[in-house]
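Please keep the sequence and the model in view while reading the numbered points.

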Amino acid sequence: MKTIKLKDKKYKIPNSWGEVSVRQFQAITKYSKVEYKTQIENDLKILSILIDCKVSILETITKEQYDLILDELAFIYQVVPKNQQDVITINKNKYVTMSKLNKLNMGEMIDLEMIIKDSNDYDFLGRILPFFIRESELDIKNNSLKHKPFDSDNYEYNKELFLDNISIDKVLYIIDFF
């Protein structure tokens with residue numbers, strides 16, 4: 001990530017989808033459903049989401065600064081790659097990804113259907129992540145990591161953890177299940 005300074009505050013600019021969180025991606029997706037007045041207005045809104053800066057501050061930058069920042073964000077006009085990982089580490093904890101929908105038990109399928117029913121197209125992925133990314137435990141017999149059972153009591157905590165700490169490229173493959 002590159003760092004810029006605006007109004008005496010530093011902001012980090014991602015330079016790939018691997019540096020964009022699921023939450024940021026969902027915000028961009030939600031915003032893309034809104035009609036905008038101009039391309040610059042649209043770009044400033046997306047930029048504000050990606051660097052966590054108010055649009056009103058971005059409106060004060062020069063055209064030269066704007067162009068330099070947009071050059072860094074050229075990746076947003078590319079398809080998000082699907083870089084599935086079997087193990088994701090967050091705060092030194094290992095989480096195992098599930099690679100097949102048919103590995104869920106029927107109780108989990110019922111919970112998943114309820115979540116899907118109440119989801120919007122822009123928050124769908126974030127809301128289903130706790131079903132497909134689980135805390136890991138050591139499978140001594142096979143000397144490998146396996147996922148723990150789905151824990152509905154920790155659903156909200158895990159959802160929020162994943163939204164902010166996993167990049168979109170690592171989990172976008174999950175949508176292919178649907």
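This is a predicted model: local features need pLDDT of at least 70, side-chain atom pairs count only at pLDDT 80 or more; totals for chains, interfaces and linings use all residues.

1. Residues are numbered from 1 along each chain as its sequence is written, and side-chain values use heavy atoms, with hydrogens and water left out.

2. An open sheet of 4 strands runs in the order β3-β4-β5-β6 with antiparallel pairing, where strands are DSSP runs of E with at least two residues, helices are runs of H or I with at least four, and both are numbered from the N terminus. Two strands pair if DSSP finds at least two bridges between them. The edge strands, each pairing on one side only, are β3 (87-90) and β6 (144-147). Direction ignored, neighbouring strands of this sheet are turned by 50° against each other on average.

3. Within that sheet, β4 (residues 93-97) and β5 (residues 133-139) pair in the antiparallel sense over 3 bridges. The bridge partner of T97 in β5 is I133, and Y95 stands opposite E135 in β5.

4. On the β6 side, β5 pairs with β6 in the antiparallel sense over 4 bridges, and the bridge partner of S136 in β6 is H147. These two strands form a hairpin with 4 residues between them, and N143 in the turn has a positive phi of about 50°.

5. How do helices α6 and α7 pack? Helix α6 (residues 124-132) and helix α7 (residues 155-165) pack at an angle of about 115°, with their axes 8 Å apart; axes are lines fitted to C-alpha atoms, for helices over the stretch in contact, and angles run from 0 to 180 degrees between N-to-C directions. That makes α6 roughly perpendicular to α7, a description that covers angles of 65 to 115 degrees.

6. The residues that meet are G126, R127, L129, P130 and F131 in α6 and Y155, N158, K159, F162 and L163 in α7, contact meaning heavy atoms within 4.5 Å. By class, this contact of α6 with α7 has 6 nonpolar, 2 polar and 2 charged residues, where Ala, Val, Leu, Ile, Met, Phe, Trp, Tyr, Cys and Pro count as nonpolar, Asp, Glu, Lys and Arg as charged, and the others, Gly among them, as polar.

7. G18 has its place in the loop between β2 (9-13) and α1 (22-32), and at 36% relative accessibility it counts as partly exposed; buried means under 20% relative accessible area, exposed over 50%, and partly exposed in between, with a 1.4 Å probe and protein chains only. Leaving aside neighbours within four places in sequence, G18 is in contact with S167 and D169.

8. Apart from its neighbours within four places in sequence, Y66 is in contact with I40, D43, L44 and I61. Y66 and D176 are 110 residues apart in sequence and 35 Å apart in space, C-alpha to C-alpha.

Key:
Angles under 35 degrees count as roughly parallel, over 145 as roughly antiparallel, 65 to 115 as roughly perpendicular and the rest as oblique.
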